[in-house]
Amino acid sequence: MPHTRTIILGASHWHVPLCAPAIAEEHEVIGVSDDDVSRVQVQDLAEGWRSPVEADWQKLVDLPDVGLAYVFGPHEGMAEKCLALIARGIPFVVEKPLGTSLDELSAVRQAAEAAGVPATVPLVQRGGPTDQWLAKAGRPAYQRTSFIAGPPSRYLDNANPWMLDPLKAGGGCLANLGPHFVDLFLRGSGETAAHVDSRLSSVLHSQAVEDHASLIITTPDGREAIVEVGYAFPGSPLKRYCSFTSVGEAGFASVDSDGTATFTALDGTTEVDKINVDSDPLYDPFVRSVARTLDDGFRGLPTLAQLENVMRPIWQAYDDQHGGREHA
């Protein structure tokens, strides 16, 4: 079976190398674009895909018989790229948060639905080891996530300095890391956010974007999630600190930073295992799921409507705190 003719927009994004091997196997990359095509990683990716590099992303969108697009790169301008793809009927994968405001995301979602253009989002924690373990507890009544990644300086080191610019990124750690874990709770509970309490801080690194954020999300029926994210972990091979707990009708599940996973059932019995909490390996199976479900409109993968539900409490937190981002 011939592979789908695919374009990659924003190839210097740090998630692209995690997707690259699967993209090479599952798709035919016919064009790669970035706001700086001279970057070594962009050239290396294009060489690996045996694909030409084009500074003007619009020229790639206008290529004949494009069957799929991946939209990475600065959050500012994501909505414009998605709308251009929708106008040409090209299915696409777009990184969260899809823009720098809820209005941008909503406009893209509405346009894609009206045009019948399939779209999906790499909310890769879905179905991953942590998600599967927490599901042992059943539908969450209370859930807590702490995910503290490395310092913001890593975005200077990996050629994504725009991540520290609130105009281009829309926000800091909350907009970047928070969607994964808000999604796990809302999807697991089958609810939407009814009330949001939040705190944002940039005390540690004194950047224009926040390096620590806390959300308390309450659903209409009183279920609650605490989501803590940050750029507060030192630069280290450990990459991050993380821990998770979830309590539901079946018991209490927890996952620690070293992968130790514990589940205590209602009868008091406890099961212990070791799982992989590194999210990097989750991008490869996501790309393969994209290829497998493209003809079915990405059936079973995250939708733009689901991303909109996830981002609503996150953008509300920025609005409430009046910090961490400039309104787009």
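Tutor: A cavity is a set of grid points where a 1.4 Å probe fits but cannot get out. Its volume is the space filled by probe spheres set on those points. The model here is a predicted one.

With that in hand, the structure holds one cavity of 30 Å³ or more. The largest cavity contains about 40 Å³ of space. Its lining is made of Q125, G128, P129, T130, N276, V277, D278, S279 and L282. Sorted by class, these lining residues are three nonpolar, five polar and one charged.

The pockets come next; a pocket, in contrast to a cavity, is an open set of points. In the largest pocket there is about 560 Å³ of space. It is lined by 27 residues, and those closest to its centre are W14, A149, R154, R240 and D280. Two elements, α7 (154-157) and α9 (173-189), each give two or more residues to this lining. Of the elements, α9 gives the most, with four residues. The lining of the largest pocket has 11 nonpolar residues, 10 polar ones and six charged ones.

The second largest pocket holds about 270 Å³. Around it are 17 lining residues, and D34, D35, P74, E76 and K81 are the ones nearest its centre. By class, the lining of the second largest pocket divides into seven charged, six nonpolar and four polar residues.

That leaves the cysteines. A disulfide is a covalent bond between the sulfur atoms of two cysteines. To count as one here, the two sulfur atoms must lie within 2.5 Å. By this rule the structure has zero disulfides. C19 takes part in none, and the nearest cysteine sulfur to it, that of C82, is 15 Å away.

C19 has a relative accessible area of 3%, so it is buried. C82 is at 0% relative accessibility and therefore also counts as buried.

Methods. Residues numbered from 1 in each chain as written. Predicted model: local features only at pLDDT ≥ 70, side-chain atom pairs only at ≥ 80, totals over all residues. Heavy atoms only, no water. Buried < 20%, exposed > 50% of the residue type's maximum accessible area, 1.4 Å probe, protein only. 1 Å grid on protein atoms, 1.4 Å probe; cavity = no way out; pocket = protein on both sides within 12 Å on 5 of 7 lines; lining within 4 Å. Nonpolar A, V, L, I, M, F, W, Y, C, P; charged D, E, K, R; others polar.
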